[in-house]
Amino acid sequence: MATAASDPTRHFFQPIIVCLTVASVALTLFVIWISLHDLSLMRAGREKFVGLDNYLRFFGDPRAMAALWRTVLFTTLATVVEIALGLAVVLFLDRDFAMKRLVRTLLLVPIIMTPVVVGLTWRFLFDPATGMANYLLSLAGLSQVDWLGSPQLALYSVLIADIWQWTPFVILLVMAALESAPTDPLNAARVDGAREWQVAWYVLLPMLRRALAIVALIRAIDSIKAFDLFYIMTRGGPALSTETLNYYGYIAAFTNFDISYALAIAIILTIFTNVALLTMYSVLFPKSGER
Amino acid sequence: MANLSIRSVSKSYGAVSVLDDVSVEVEEGSFVVLLGPSGCGKSTLLHAIAGLNPIDSGTIVIGDRNVTNLPARERDVAMVFQSYALYPTMSVAENIAFPLKMRGLDRKTSDEKVVAVAKLLQIEPLLGRKPRELSGGQRQRVAIGRALVRDPRLFLFDEPLSNLDAALRTELRAEIKRLHQSIRRTMVYVTHDQTEALTLADKIVVLKAGRIEQIGTPLSLYDDPDNAFVAGFIGTPRMNFLRATVADGGKTLHAGEASVDISHLATRLEAGRNVMLGIRPEHLDEKQGVTLSLAVDVTERLGSTSYVHGMLPSGETVVAERREDQPRFGETITLRFLPARTRIFDAQGMRIR
């Protein structure tokens, strides 16, 4: 980059890079610094340096470990189901029909809705006494389910709401990728003797792989950070059965006022997320320049 | 024996008719070119033969099988696309092997066939590469290789050379011709380029707006066109059409200052009828014959010959070949042609023989 020094646009981007770098490095260092103390709002002014105690405490904390496991489970399920479902819908919708524009507009609705509205809507739907979900089950002659009140089920109920809200996002992005993909190779495969599923598997999906990988990454990152639906629908309950690591960090900070421990959780979550996503990234994009 | 029969095929998109009662017979081992301007339905017809486009009515028979209602994969045809249509995520070798893989051929035989085809097309060093690492000409060779590898009943080419530059186009054109001569398979080739059609085809099908204008050998289309469209479409520069009136009891045409003897025509035309006199530019440079005087506008020099654009006293513009001299702007020259070399068309553009 010999020309970078003489490029006049550097006067625009260099100050911004410096500001952003200073802000993020300073904040990160500050957060790490606090996480090495025992700052608690219950004992303000009496904090002292405790080294890695908060981190050691995390790995010995069964509630934190359970929350970590729930985060992994929720993220994996949400990403996999949303991608698979979205892809299936896209392949199904990949033909010209009269209401295509209308369908596409309707798909935007769940994405645009605020999480509060989505969460409340699904809470009403899942209400054991008056909710639509149990009404439908009763129509089908099935027994009633306590969707959000059962520790075994609650996480999956939130998962359903998340899938409902974010599958359309997958559909929109994959649909856009599909429309910009050339159609001649698909026809070539048909002439070459491929059945429709072989056309999809050998030609279409590899062409969509990049788009799918990016959507999967976005959804995985969002799922790890998911907070709003949990807050509205279950508040981590019942019996902590829907408490993800993100939510546990929130509880530690704003219910228990255990600031240092909450920040240690946040840093662990960040490291864990980065490692997981970088692994995912290197699996999905094996070689540089792959297109 | 006909290898491909297209019988009364029609197709329309809503009110727009793209193929209108098209029938073509293609003999085993021949090279047939579907020629026409863009939008004439030639690609639609090719896609219909491949089974990629359903037709509204008619039948398509390949070999002795009626394939009208069969999906593309069961028709045993191979197709080369204008856009190459290589599988972008597969290597060249995998691209060529794909049709074999779909037929469940074992890996070893498949590999041998891929290498043999790659040798034939001189793309062996490229086998490990991805399509995006290839030039246009190399991509089209790979696409041809993918078509060749499984020895289909019928080869379909959909404007395969249109995305290539002029030099490569000439080179690959010759290569396709050589390929056809060596493997002697039935090939159907779509193009809007008459040079490709004339050089490659055993038989040319000229299409316009979904209808067949004429079917014939390259020479018969050039020498003996059925109508003004074919006469104008085949040959560069295109045929000149002059307004003319029948005179002298149907034995002479008056076209501006010129009187053309048409007593050789089988049809007797009534005096006073308006017709079109078609003369090709290359037939306006004779030593004797009927004369026309041309006010020269532009002369295109091509080295071995020149084309003179100019205006007749009647105000009609004419292009004439000029082999001996190169007249300049403003000069008036005399063109000579033989009446036997002219072609006469009625007001609707139909040939009068």
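In which strand of chain B is the place of B:D21? In this predicted model, B:D21 lies in strand β2 of chain B, which covers residues 16-27, and its phi is near 55°, a positive value in a residue that is not glycine. Most residues other than glycine have a negative phi, and most peptide bonds are trans. A further backbone feature of chain B concerns the peptide bond between B:T236 and B:P237, which is cis, with an omega of about -15°. The proline of this pair, B:P237, is placed in the loop that runs between α8 (228-233) and β11 (240-247) of chain B.

Chain A is built from twelve helices and has zero strands, so that its pattern, when read along the sequence, is α-α-α-α-α-α-α-α-α-α-α-α. Taken along the principal axes, the box filled by the C-alpha atoms of chain A is roughly 75 × 70 × 30 Å.

Side chains of opposite charge can pair when their charged atoms come close. Over all chains, the count of salt bridges comes to 28 by the rule applied here. Among them is the pairing within chain A of A:R63 with A:E243, whose side chains meet with an N to O distance of 2.6 Å.

The contact between the two chains draws 24 residues from chain B and 19 residues from chain A. Together the chains bury about 1,900 Å² between them, and 59% of this area is on carbon and sulfur atoms. Within chain B, the residues that lose the most area to chain A are B:R73, B:T89 and B:M102, which together account for 30% of what that side buries.

Two salt bridges are found across the interface of chain B and chain A, and the side chains of A:D192 and B:R146 meet in a salt bridge with an N to O distance of 3.5 Å. Between chain B and chain A, seven residue pairs are in polar contact, with both residues of each pair at pLDDT 80 or more. On the side of chain B that touches chain A, β6 (77-80) and α2 (92-102) of chain B each supply at least two residues, and α2(B) gives the most, with four residues. By residue type, this side of chain B divides into 15 nonpolar, two polar and seven charged residues.

Terms used: Residues are numbered from 1 along each chain as its sequence is written. Chains are lettered from A and ligands numbered from 1 in the order in which they are written. Side-chain values use heavy atoms; hydrogens and water are left out. Contact means heavy atoms within 4.5 Å. Buried area is the accessible area (1.4 Å probe) that two parts lose on being put together, summed over both. A salt bridge is a side-chain nitrogen of Lys or Arg within 4 Å of a carboxyl oxygen of Asp or Glu. A polar contact is a pair of N or O atoms within 3.5 Å; within protein, one must be able to donate a hydrogen and the other to accept it, and residues adjacent in sequence count only if both atoms are side-chain atoms. Ala, Val, Leu, Ile, Met, Phe, Trp, Tyr, Cys and Pro count as nonpolar, Asp, Glu, Lys and Arg as charged, and the others, Gly among them, as polar.
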